[in-house]
Amino acid sequence: APPLTNPRGLEASRSNRSGEVTLDWTTVTNALNYQIEFTTSDPNLPEVEWVQSGVSSKSKYSVENLSVGQFYWFRVKAYGRDDASGYSDPASVMAA
């Protein structure tokens, strides 16, 4: 199988529930699941630490229990049967 492409089109949006953010991205061909990571510091900084948020089998994911008024950056990586993609470009949103 060809290598997995990096997830594209990642969008982070606030849901109508407090402290919840919904992520959507374009499905990656041959991906079995996706790992979602987040950080609260600018991802362009060299010291940034990404934290795993969860895993999704679909190209969408809801993140709950976020701090209201806090900025979050998210990124997604695809996993296939034998390999993984690189990371998506990050998407940011302020939790409300």
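Strands here are DSSP runs of E with at least two residues, numbered from the N terminus. By that rule, serine 59 sits in the loop between strand 4 (51–56) and strand 5.

This is a predicted model, in which local features need pLDDT of at least 70, side-chain atom pairs count only at pLDDT 80 or more, and totals for chains, interfaces and linings use all residues. Residues are numbered from 1 along each chain as its sequence is written, and side-chain values use heavy atoms, with hydrogens and water left out.

**Serine 59**

Serine 59 has a relative accessible area of 18%. It therefore counts as buried, a label for values under 20%, with exposed over 50% and partly exposed in between (1.4 Å probe, protein chains only). Its side chain makes a polar contact with the side chain of threonine 27, at 3.1 Å. A polar contact is a pair of N or O atoms within 3.5 Å; within protein, one must be able to donate a hydrogen and the other to accept it, and residues adjacent in sequence count only if both atoms are side-chain atoms.

Contact means heavy atoms within 4.5 Å.

| Residue | Contacts (within 4.5 Å) |
|---|---|
| Serine 59 | Leu23, Asp24, Trp25, Thr26, Thr27, Tyr34 |
| Leucine 23 | Leu10, Glu11, Ala12, Ile36, Ser59, Lys60, Tyr61, Val63, Phe74 |

**The core**

A nonpolar core is a set of buried Ala, Val, Leu, Ile, Met, Phe, Trp, Tyr and Cys residues joined through side-chain atoms within 4.5 Å. The largest one has 20 residues, and Leu23, Trp25 and Phe74 touch the most other members. At least two residues each come from strand 2 (21–24), strand 3 (33–39), strand 5 (60–63), strand 6 (71–79) and strand 8 (91–94). Strand 6 gives the most, with 4 residues.

**The strands**

Two strands pair if DSSP finds at least two bridges between them. An open sheet of 3 strands runs in the order 1-2-5, with antiparallel pairing. Strand 1 (11–14) and strand 5 are its edges, each pairing on one side only. Strands 1 and 2 are joined by 4 bridges. Within strand 2, leucine 23 stands opposite alanine 12.

Strands 6 and 8 also run antiparallel, joined by 4 bridges. Phenylalanine 74 has alanine 91 of strand 8 as its bridge partner. In a regular strand, side chains alternate between the two faces of the sheet.

Methods:
Lists of a residue's contacts leave out its neighbours within four places in sequence.
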